[in-house]
Amino acid sequence: QVQLVESGGGSVQAGGSLRLSCVVSGYMSSNYYRAWFRQAPGKEREWVAAIYVRGGSTYYTDSVKGRFSISQDDSKITLYLQMNNLKPEDTGMYYCAAAYRPVALPAPILPGEYGYWGQGTQVTVAS
């Protein structure tokens, strides 16, 4: 059984940085997408970034391009989200997710396409 555990959230001032981590336990082949989603109070969960474990191709939603970077360690156990130049609109609960995909494209960006989820870590950006 795959389990995902996030860490690294916190409170920062606008312009600051945070790095989120997501550790996977249980077997996960390389035919998976791993992604970060976020959800602000009263809003729907939105896709932020994704990486295809096999090959490492990365994808970002437009609002975070140039500010956020998704990566994985060499063991493929830990997923990261480096968040720079944070803005108040980045505030929300950040979730790590995983989706089995034997074919790389298209990259899944809808919450319903992901079968595994972590419990979330809160990110708060003050103006």
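Buried means under 20% relative accessible area, exposed means over 50%, and partly exposed is in between (1.4 Å probe, protein chains only). Keep those cut-offs at hand for every stop below.

This is a predicted model: local features need pLDDT of at least 70, side-chain atom pairs count only at pLDDT 80 or more, and totals for chains, interfaces and linings use all residues. Residues are numbered from 1 along each chain as its sequence is written, and side-chain values use heavy atoms, with hydrogens and water left out.

**Whole chain**

Start with a cartoon view. The protein has eleven strands and zero helices. Elements here are DSSP runs, numbered from the N terminus: helices are H or I with at least four residues, strands are E with at least two. Read from the N terminus, the order is β-β-β-β-β-β-β-β-β-β-β.

Now show the C-alpha trace. Along its principal axes it spans about 40 × 30 × 25 Å. The radius of gyration is 14 Å, which agrees with the value near 14 Å for a compact globule of 127 residues. That radius is taken over C-alpha atoms, and the globule rule is 2.2 Å times the number of residues to the power 0.38.

Colour by accessibility next. Of the 127 residues, 43% count as buried. The accessible surface is about 6,300 Å², and carbon and sulfur atoms hold 50% of it. These areas come from the Shrake-Rupley method with a 1.4 Å probe; for residues, only the protein chains shown count as cover.

**Aromatic pairs**

Select the rings of Phe, Tyr and Trp. Two rings pair if their centres lie within 6.5 Å, using the six-membered ring of Trp; planes under 30 degrees apart are stacked, over 60 edge-to-face, and the rest tilted. The count comes to eight aromatic pairs.

Pick Tyr32 and Tyr116. They form a tilted pair, 6.4 Å centre to centre, with 50 degrees between the planes. Tyr32 is in strand E4 (residues 32-39) and Tyr116 in strand E10 (residues 116-117), so the pair ties together parts 84 residues apart in sequence. Tyr32 is buried at 9% relative accessibility. Tyr116, at 26%, is partly exposed.

Step to Tyr33 and Tyr59. This pair is tilted, with 6.1 Å between centres and 50 degrees between planes. Tyr33 sits in strand E4 and Tyr59 in strand E6 (residues 58-60), 26 residues apart. Tyr33 is buried, at 0% relative accessibility. Tyr59 is partly exposed, at 25%.

Then select Phe37, Tyr95, Tyr114 and Trp117. Ring pairs link these four into a cluster.

**Salt bridges**

Switch to charged side chains. A salt bridge is a side-chain nitrogen of Lys or Arg within 4 Å of a carboxyl oxygen of Asp or Glu. The whole structure has five.

Select Asp90 and Arg67. Their side chains meet in a salt bridge, 2.8 Å from N to O. Asp90 is in the loop between strand E8 (78-83) and strand E9 (92-100), while Arg67 is in the loop between E6 and strand E7 (68-72), 23 residues apart. Asp90 is buried at 0% relative accessibility, and Arg67 is buried at 9%.

Go to Lys65 and Asp62. In this salt bridge the closest N and O atoms are 3.0 Å apart. Asp62 is exposed, at 62% relative accessibility.

Next, Glu113 and Arg101. They form a salt bridge of 3.1 Å, N to O. Both residues lie in the loop between E9 and E10, twelve residues apart. Glu113 is partly exposed at 30%, and Arg101 is partly exposed at 21%.

**Last stop: Pro108**

Pro108 lies in the loop between E9 and E10. Buried or exposed? Pro108 is buried, at 0% relative accessibility. Show what surrounds it. Not counting residues up to four places away in sequence, Pro108 touches Tyr33, Trp47, Ala99, Arg101, Glu113 and Tyr114. Contact means heavy atoms within 4.5 Å. Finish with a distance label from Pro108 to Trp47: their C-alpha atoms are separated by 9.1 Å, and the two are 61 residues apart along the chain.
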